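Open the model in your viewer and keep the sequence beside it. This tour names one selection at a time and says what is there.

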Amino acid sequence: MAAQIETYNSNFGQLSIEKGPENNFVWTGSIGISNNIYSGQVPIYIFTNERKIPNNLIDFVEMIVLSIDQYLEKSFLFIKQTLTEQPQKYKIRENEYDYLSLDINSFPIDVPELTFWEDSSEWMVRFAEGKFHICDPLGISVTFNLTNPLTVDNLEDSEYIDK
């Protein structure tokens with residue numbers, strides 16, 4: 001007998017549910033975009049405590065996703081500013097300093113994805129690839145509180161999550 005696939009039709013596309021880590025659930029979907037910064041599919045992950053997406057969470061996710069160009073630009077600018085201001089903290093290597101002077105259309109981070117959590121005003125844009133050595137193996141991310149970027153997260157020492 002085939003497993004029942006549960007879906008939710010959001011304003012940006014269909015989301016499917018899977019069992020997530022720690023007895024939670026994860027809704028997955030994507031949105032296709034094409035702009036000066038990135039062209040392609042952007043995966044979207046929404047972690048929930050139950051097998052449903054609370055109305056306030058989906059409303060917030062839809063607001064962010066439907067303005068994705070704005071949030072990708074904010075993320076690029078915030079990463080560029082943070083790495084420029086704190087190169088030692090982020091272990092910027094001598095051969096990487098030239099990247100910091102590039103405009104955001106050429107800035108060497110790529111393959112964005114969005115992650116949201118129930119019961120949190122924080123969410124994340126992770127760039128899975130980049131030319132900075134700290135982007136290996138899991139990328140670099142920006143954590144937002146609602147619509148404001150908070151931190152740049154160096155993911156080089158992070159681990160994959162097992163479901």
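Begin with T115, which counts as buried because its relative accessibility is 6%; buried means under 20% relative accessible area, exposed over 50%, and partly exposed in between, with a 1.4 Å probe and protein chains only. T115 lies in strand β5. Leaving aside residues up to four places away in sequence, T115 touches Y45, F47, W123 and M124, where contact means heavy atoms within 4.5 Å.

Before going on, note how the values were made. This is a predicted model, in which local features need pLDDT of at least 70 and side-chain atom pairs count only at pLDDT 80 or more, while totals for chains, interfaces and linings use all residues. Residues are numbered from 1 along each chain as its sequence is written, and side-chain values use heavy atoms, with hydrogens and water left out.

**Whole chain**

Now select everything and colour by secondary structure. The protein has two helices and eight strands; helices (H or I, at least four residues) and strands (E, at least two) are DSSP runs, numbered from the N terminus. Along the sequence the pattern reads β-β-β-β-α-α-β-β-β-β. The C-alpha trace spans about 55 × 30 × 30 Å along its principal axes. Of the 163 residues, 45% count as buried.

**The sheet**

Select the eight strands. They form an open sheet in the order β1-β2-β3-β4-β5-β6-β7-β8, with mixed pairing; two strands pair if DSSP finds at least two bridges between them. β1 (7-10) and β8 (148-154) stand at the edges with a single partner strand each, so one side of each has no neighbour in the sheet. From one strand to the next the twist averages 25°; axes are lines fitted to C-alpha atoms, for helices over the stretch in contact, and angles run from 0 to 180 degrees between N-to-C directions.

β1 and β2 run antiparallel and are joined by four bridges. They form a hairpin with two residues between them, and N9 stands opposite Q14 in β2.

Move to residues 109-117 and 122-130, which are strands β5 and β6. These two strands pair in the antiparallel sense over seven bridges. The bridge partner of D110 is E129 in β6.

Continue to β7. Six bridges join β6 to β7, and the two run antiparallel; here F127 stands opposite I140 in β7. Is β7 mostly covered or mostly open? It is mostly covered, with five of its six residues buried. β7 and β8 also run antiparallel, joined by six bridges, and S141 has D153 in β8 as its bridge partner. The hairpin of β7 and β8 has two residues between the strands, and L146 takes a positive phi near 55° there.

Show the contacts of I46: apart from residues up to four places away in sequence, I46 touches L15, F25, V26, W27, I53, L57, I58, V61 and F116.

**The salt bridges**

How many salt bridges does the structure hold? There are two, a salt bridge being a side-chain nitrogen of Lys or Arg within 4 Å of a carboxyl oxygen of Asp or Glu.

Select R51 and E6, whose side chains meet in a salt bridge at 2.3 Å, N to O. This pair links distant parts of the chain: R51 is in the loop between β4 and α1, and E6 is in the segment before β1, 45 residues apart. R51 counts as partly exposed at 43% relative accessibility, and E6 counts as partly exposed at 24%.

Last, select E113 and R126, whose side chains meet in a salt bridge at 2.9 Å, N to O. E113 lies in β5 and R126 in β6, so this pair ties together parts 13 residues apart in sequence. Both E113 and R126 are buried.
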